[in-house]
Amino acid sequence: MSLHEVAGSPPGFQGEPIQATLLDCLSDILRHDRLVPVFQPIVDLQRGTLVGYEGLIRGPSGSPLRSPLDLFRVAGENGLTIELELRCCQTLLRRFAGLGLPGQLFLNIGAPALPRLARDGKAMALNLESLGLAPARIVLELTEHSVHDREHFPGLLASYRGAGFQLAIDDLGEGYSSLRRWSEFKPEYVKVDMYFVRDVHLDSLKQQFLRSIRDIALESGAVVVAEGIEQVEELQFLRGIGIPGGQGFYIGMPESRPFVSVPGPLLCELSRHMDEHKPTPASAAGKARAGGYRPEVSDCPPMQVQPSLAPRDTAA
């Protein structure tokens with residue numbers, strides 16, 4: 001999921017006559033550093049531990065550009081996309097360090113903005129040092145749409161990885177070249193597009209897709225993170241077939257001060273599957289083929305999930 005993937009448009013701000021007003025609004029946000037960072041937890045579904053957070057951005061409360069979708073739309077219409085991306089990354093890094101959050105920070109940045117953030121991986125590592133962050137704690141998330149300079153980008157990416165940064169392929173399955181990117185970049189993390197997670201417990205084709213991704217990841221050494229988990233049945237299926245990581249509203253909402261350890265109800269929900277006879281990915285897949293996946297009965301209290309801020313708002 002990218003920084004600007006949220007639903008909604010500024011109410012009452014439609015049409016050409018207001019473009020200048022929205023640009024003024026965006027300029028004010030950038031000039032006065034009014035971007036609002038939030039962090040959505042990513043959890044290890046197999047161990048019940050916190051992996052880290054995806055950094056997301058919103059506009060200031062009450063602004064017609066509160067929605068990241070609108071922020072990036074107005075930026076794109078006025079040639080300010082790279083400038084906005086840089087500010088988002090800088091804001092998220094400062095806030096992540098300032099809060100002392102544990103684990104890794106998953107940071108969305110487009111390929112055109114990466115050389116503007118720092119000339120290479122070593123320069124970026126020095127920038128992080130001033131914040132007290134190690135490069136190994138930063139995961140750069142790339143989508144297939146963000147890679148345009150096929151000639152120079154691999155070298156730039158190699159400099160970042162050589163300095164200790166990690167890489168994630170975002171929204172796997174959304175476009176035709178996702179698997180090619182996986183093969184080319186050999187990322188540490190692969191984030192599966194939420195389309196394949198939504199109602200996965202009811203869809204045999206989505207189930208097979210996720211099993212295939214799991215198997216490729218086991219071969220490549222990548223860690224799979226399923227985005228957009230919003231139902232307990234989705235969580236149970238994903239954990240049952242051995243998907244390592246999960247993110248979504250059911251696990252945790254994007255918050256300015258997110259939880260720093262896995263909450264009790266979620267830990268209970270995950271631990272219901274942690275027993276001496278935990279199925280291997282192969283046996284879980286076999287069970288699904290034999291008669292379909294069935295969640296186990298649990299005495300855990302139900303998770304209390306907050307309503308979405310907007311339809312599929314900043315969910316991962």
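**Close-up views of a predicted model**

View 1. Lys186 is exposed, with a relative accessible area of 58%. Here exposed means over 50%, buried under 20%, and partly exposed in between (1.4 Å probe, protein chains only). This is a predicted model: local features need pLDDT of at least 70, side-chain atom pairs count only at pLDDT 80 or more, and totals for chains, interfaces and linings use all residues. Residues are numbered from 1 along each chain as its sequence is written, and side-chain values use heavy atoms, leaving out hydrogens and water. The loop of Lys186 runs between α7 (178-185) and β6 (189-192). Helices (H or I, at least four residues) and strands (E, at least two) are DSSP runs, numbered from the N terminus. Lys186 is not a glycine, yet its phi is positive, at about 45°.

**View 2. Asp33 also has a positive phi.** The value for Asp33 is about 55°, although Asp33 is not a glycine. Asp33 belongs to the loop between α1 and β1 (36-44). With 43% relative accessibility, Asp33 is partly exposed.

**View 3. The whole protein chain.** The chain has 316 residues, and 51% of them count as buried. Its secondary structure comprises eleven helices and eight strands. Take the contacts (heavy atoms within 4.5 Å) between residues at least 6 apart in sequence: 73% of these join residues at least 24 apart. The protein chain exposes about 14,000 Å², with 54% supplied by carbon and sulfur atoms. Such areas come from the Shrake-Rupley method with a 1.4 Å probe; for residues, only the protein chains shown count as cover.

**View 4. Leu23 of helix α1.** Helix α1 covers residues 19-31 and includes Leu23. Leu23 is partly exposed, at 25% relative accessible area. Beyond its neighbours within four places in sequence, Leu23 touches Val74, Asn78 and Leu80. Leu23 and Asn78 lie 55 residues apart in sequence, while their C-alpha atoms are 7.6 Å apart.

**View 5. Helices α2 and α3 pack together.** Helix α2 spans residues 68-77 and helix α3 spans residues 81-99; their axes are 7 Å apart, at an angle of about 140°. Axes are lines fitted to C-alpha atoms, for helices over the stretch in contact, and angles run from 0 to 180 degrees between N-to-C directions. The pair is therefore oblique. Angles under 35 degrees count as roughly parallel, over 145 as roughly antiparallel, 65 to 115 as roughly perpendicular, and the rest as oblique. From α2, the contact uses Leu71, Phe72, Ala75 and Gly76; from α3, Thr81, Leu84, Glu85 and Cys88. These divide into five nonpolar, two polar and one charged. Ala, Val, Leu, Ile, Met, Phe, Trp, Tyr, Cys and Pro are nonpolar, Asp, Glu, Lys and Arg charged, and the others, Gly among them, polar.

**View 6. Helices α9 and α10 cross.** The axes of α9 (residues 232-240) and α10 (residues 264-271) come within 10 Å and cross at roughly 45°. These two helices are therefore oblique to each other. Val232, Leu235, Gln236 and Arg239 of α9 meet Leu266, Glu269 and Leu270 of α10. By class, this contact has four nonpolar, one polar and two charged residues.

**View 7. Gln207 of helix α8.** Helix α8 (residues 204-220) holds Gln207. Gln207 is buried, at 7% relative accessibility. Apart from neighbours within four places in sequence, Gln207 contacts Val200, His201, Leu202 and Phe237.

**View 8. Lys122 of helix α5.** Lys122 is part of helix α5, residues 121-129. Lys122 is exposed, with 66% relative accessible area. Lys122 and Arg161 are 39 residues apart along the chain, and 9.6 Å separates their C-alpha atoms.
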